[in-house]
Amino acid sequence: MFYKRYYKDETHRFYLIHKVFHATPCENTFPAQSRTQPAPRQLPASLPLPQARCRPGTPRTVEPLEYYRRFLKENCRPDGRELGEFRATTVNIGSITTADGSALVKLGNTTVICGVKAELAAPAADSANKGYIVPNVELPSLCSTRFRSGPPGEEAQAASQFIADVIENSQMIAKEDLCIASGKLAWVLYCDIICLDYDGNILDASAFALLAALKNVQLPSVTINEETGLSEVNLKQKNPLIIRKHPVATSFAVFDDTLLIVDPTAEEEDLATGTVTIVTDDEDKLCSVHKPGGSPLTGAKLQDCITRAITRHKEVKKLIDKVIKSITPK
């Protein structure tokens, strides 16, 4: 009856023969077991186990940290960069024609745009001869799936505070230069920094975009009429904003508490045990150190970060000067 079933159903015959062929390598090797308890299927020794047959991308999704460690042992990263190599950096100044100053910065895939809007306001009572600089960093949901629409999240607020600290500590702009008439009128610079594409290292890109946008600001001449007491704006006569310092941020990610890599991507930031951002100025002075928790750094490691940040500052400053020169009318 068993063999008659083969000839009646050719498709089923093939299936049964295939099954028997794999289940019984030899005809006389059946173990003595009860009919109600069939023998468990044994895979031939020549076939690999199912979990051993993985696709090439599986290790990165299953064990991303181990995947990165294999590259870091060879002093390189999955994207082909060395540990101390930055991603390709580009800057486009004057991108927004409706702003008083603007810049678009790309750091690898991370894309940030900064627009500066200048308005007139009365100075504060306790600082009658000073103007205002109001930075704001936005991380909208369009730049990454990790962010949601609505009020600014924790990372956006931390980035805004970081930019405010850089402006204050570096003294890149003297607030006295923004005063038009002491106690009466001063400039307010609203610096809106918006991330268009997020792939890590948002602090470096934001600080770079802010500096490039401020270099592009042209403020009209403003005077106060003594008779009426009203301000008079001359849009035909504009003066560039005085930039006294050029702070540049350089971020590092710490792996396994000891290994430092520069310009981390979003994936590298998630896998790192800590991050640190160093801000330096034109005179190679330290303006700010931003370290939001994570694994500690030794003095030697911190000094190494500062040395690399000084080198990075020269590269960024040279790039900005080159772009400014190219758009300045001769």
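**Before selecting anything**

This is a predicted model, where local features need pLDDT of at least 70, side-chain atom pairs count only at pLDDT 80 or more, and totals for chains, interfaces and linings use all residues. Residues are numbered from 1 along each chain as its sequence is written, and side-chain values use heavy atoms, with hydrogens and water left out.

**Stop 1: the largest cavity**

Select Val105, Leu107, Asp204, Ala205, Ala207, Phe208, Val248, Ala249, Arg312 and Val316. These residues line the largest cavity. The space inside is about 80 Å³.

Some terms first. The search runs on a 1 Å grid over the protein atoms alone. A cavity is a set of points where a 1.4 Å probe fits but cannot get out. A pocket is an open set with protein on both sides within 12 Å along at least five of seven lines. Lining residues have an atom within 4 Å of a point. Points are joined across faces, edges and corners, and a volume is the space filled by probe spheres set on them. Ala, Val, Leu, Ile, Met, Phe, Trp, Tyr, Cys and Pro count as nonpolar, Asp, Glu, Lys and Arg as charged, and the others, Gly among them, as polar.

Now colour by element. β2 (101–107), α6, β9 (248–255) and α8 (299–327) each supply at least two residues of this lining. α6 gives the most, with four residues. Helices (H or I, at least four residues) and strands (E, at least two) are DSSP runs, numbered from the N terminus.

**Stop 2: the second largest cavity**

By this rule there are two cavities of 30 Å³ or more. About 40 Å³ of space lies within. Which classes make up its lining? Seven residues are nonpolar, with no polar and no charged ones. The largest share, three residues, comes from α6.

**Stop 3**

Next, select Glu155, Leu203, Glu269, Thr275 and Pro292. Of the 23 residues in the lining of the second largest pocket, these lie nearest its centre. The pocket holds about 480 Å³ of space. Show α5 (154–170), α6 (202–215), α7 (266–271) and β11 (274–280), each of which supplies at least two lining residues. By class, the lining has nine nonpolar, nine polar and five charged residues.

**Stop 4: the salt-bridge network**

Side chains of opposite charge can pair when their charged atoms come close. A salt bridge here is a side-chain nitrogen of Lys or Arg within 4 Å of a carboxyl oxygen of Asp or Glu. The count comes to 17.

Select Asp79 and Arg81. Their side chains meet in a salt bridge at 2.9 Å, N to O. Arg81 is buried, at 6%. Buried means under 20% relative accessible area, exposed over 50%, and partly exposed in between (1.4 Å probe, protein chains only).

Arg81 and Asp263 form a salt bridge at 3.4 Å, N to O. This pair links distant parts of the chain, 182 residues apart: Arg81 is in the loop between α4 (64–72) and β1 (89–93), and Asp263 in the loop between β10 (259–262) and α7. Both are buried.

Then pick Asp199 and Arg87. Their closest N and O atoms are 3.5 Å apart, in another salt bridge. Asp199 lies in the loop between β6 (185–197) and α6, and Arg87 in the loop between α4 and β1, so the pair ties together parts 112 residues apart in sequence. Asp199 and Arg87 are both buried.

Now select Arg77, Asp79, Arg81, Arg87, Asp199, Asp263 and Glu268 together: salt bridges that share partners join them into one network.

**Stop 5: Leu260**

Move to strand β10 and pick Leu260. Leu260 is buried, with a relative accessible area of 6%. Draw a distance from its C-alpha atom to that of Leu297: 9.9 Å, for residues 37 apart along the chain.
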